[in-house]
Amino acid sequence: MSLKNIITVPDETLRKISDPIETVGKNEKLFIKDLFETMYHNKGIGLAAIQVGIPKRIIVLDVNQKDEKKNPLCFINPVVKKISNEKSTYEEGCLSLPETFIEIERPKVCLVEYIDIEGKKKEMECDDLLSTCIQHEINHLDGRLIIDFLSKLKRDVIIKKLSKNKPNTDRIVV
Ligand code: ZN
């Protein structure tokens, strides 16, 4: 296993639309292990393949809190099939946007269809934090970032700030 480098804004790779996975083979499984290792190492609770520069529709998540047991979840080719009218709001961070937190309202519940690490087609009803996280990560697969929820003016201020080189600091982000 190996840690991958997480790319950050303004790297244009983050704007790529990721491609679906056709088969889940040995290489994909090894890559998914690396994604989990990279996510845990960086204290994130979600990571999309594109965030390490690989434009494939794979995301990993673990929304369990610090003291709880690990609950690694992997979604391949995830598609949101249904959303609730009810919304929930979280202040979201992103491993690709250091030091940036944005309040975002998203559907509170969503039904996600995906392929698991064994290549089996599955469905999962996700609510609250898990719902927000999976929507955040699926946005990454479509080249969409949390700054896109802001006005162009506010977005440009953040991009300009992140374009200056800053040292990495330890912070817990989504
Ligand atoms: Zn993110």
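Student: What makes R57 count as buried or exposed?

Tutor: In this predicted model, R57 has a relative accessibility of 12%, and since buried means under 20%, R57 counts as buried.

Student: Why is the contact between D142 and R57 called a salt bridge?

Tutor: The closest N and O atoms of D142 and R57 are 2.8 Å apart, and the cut-off between a side-chain nitrogen of Lys or Arg and a carboxyl oxygen of Asp or Glu is 4 Å, so the pair qualifies as a salt bridge. D142 lies in the loop between α2 and α3 (152-163) and R57 in the loop between β1 (46-48) and β2 (58-61), so the pair ties together parts that are 85 residues apart in sequence.

Student: How do you know whether E118 is buried or exposed?

Tutor: E118 has a relative accessibility of 53%, and because exposed means over 50%, E118 counts as exposed. Its salt-bridge partner is K29, at 3.4 Å from N to O, whereas K29, at 32%, counts as partly exposed.

Student: What makes C94, H136 and H140 donors of the zinc ion?

Tutor: The zinc ion is coordinated by C94 through SG and by H136 and H140 through NE2, at 2.1 to 2.3 Å, and because donors are N, O and S atoms within 2.8 Å of the metal, these atoms qualify. H136 and H140 both lie in helix α2 (residues 128-141), 4 residues apart, about one turn of the helix.

Student: Why are H136 and H140 called buried?

Tutor: The relative accessibility is 3% for H136 and 1% for H140, and buried means under 20%, so both count as buried.

How values were computed. Residues numbered from 1 in each chain as written. Predicted model: local features only at pLDDT ≥ 70, side-chain atom pairs only at ≥ 80, totals over all residues. Heavy atoms only, no water. Donors = N, O, S within 2.8 Å, 3.2 Å for Na, K, Ca; no water. Helix = DSSP H or I, 4+ residues; strand = E, 2+ residues; numbered from the N terminus. Buried < 20%, exposed > 50% of the residue type's maximum accessible area, 1.4 Å probe, protein only.
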